[in-house]
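Dear colleague,

I am passing on the structure below, and after it I describe what was found. Please keep it open beside the text while you read.

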Amino acid sequence: MNKEIEIKVKVQNLEEIKVILKNIGKFVKEINQKDTYFTPRHRDFFGEKPAFEFLRIREQKGNNQIAYHKVIDASLPTEHSEEYETKIENPRIIESIFTHLDMKECFIVEKHREYWECGNFEVVLDTVTNLGLFVEVEVINSENTINFTKQECFNFLKENGIEFKENITKSYPELFLKE
């Protein structure tokens with residue numbers, strides 16, 4: 001299990017942000033992801049507002065995975081989530097298992113991602129189909145960053161002149177459902 005401390009903001013232009021990141025960080029990789037979200041028929045994860053649980057199959061070249069995420073305590077200003085993820089060989093087999101367990105497919109979120117390392121932070125530039133352009137800033141989980149909060153992520157953006165339109169407190173699945 002990993003504990004995640006991150007923020008997500010909506011932006012106008014990723015190209016301007018890439019120029020800034022080239023000066024303060026290191027490009028790591030870019031990938032395309034297809035996330036298929038599921039919920040049990042007897043307990044709709046997305047019926048709760050906000051959604052506190054997610055079950056997904058992520059397809060990306062060379063690294064398919066199944067993941068379950070659960071918010072630990074959404075009332076805290078430094079919201080953390082538990083993440084349980086593992087690689088899978090064949091997403092179709094997992095989908096078949098879910099079907100037999102009476103799980104239903106809810107929707108698919110597709111995105112192009114660019115990963116950057118910037119000191120204590122991982123910065124991800126996302127182009128999400130039908131949703132727009134986003135930047136995620138996540139604290140790299142280490143002994144030095146154990147007490148970091150979301151505020152440090154916002155400070156990182158401000159200190160580096162990265163402007164954003166809006167702080168996004170919803171997950172991509174929640175934004176997708178809203179659309």
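At the start of α1 (14-24), a side-chain oxygen of N13 comes to within 2.7 Å of the backbone nitrogen of E15. Helices here are DSSP runs of H or I of at least four residues, and strands are runs of E of at least two, both numbered from the N terminus.

The model is a predicted one, in which local features need pLDDT of at least 70 and side-chain atom pairs count only at pLDDT 80 or more, while totals for chains, interfaces and linings use all residues. Residues are numbered from 1 along each chain as its sequence is written, and side-chain values use heavy atoms, with hydrogens and water left out.

Within α1, the residues L14, I17, K18 and L21 are buried (under 20% relative accessible area with a 1.4 Å probe, protein chains only, where exposed means over 50% and partly exposed lies in between). These four residues lie on the same side of α1 because they cover an arc of only 105 degrees around the axis, the arc being that of the directions from the helix axis to the C-beta atoms. The face turned away from this buried side carries the exposed residues E15, E16, V19, K22 and N23.

What covers the buried residues of α1 includes β3 (26-40), β7, β8 and β9. Leaving aside neighbours within four places in sequence, L21 is in contact (heavy atoms within 4.5 Å) with K26, W116, C118, V123, L125 and I162.

Best wishes

Notes
A polar contact is a pair of N or O atoms within 3.5 Å; within protein, one must be able to donate a hydrogen and the other to accept it, and residues adjacent in sequence count only if both atoms are side-chain atoms.
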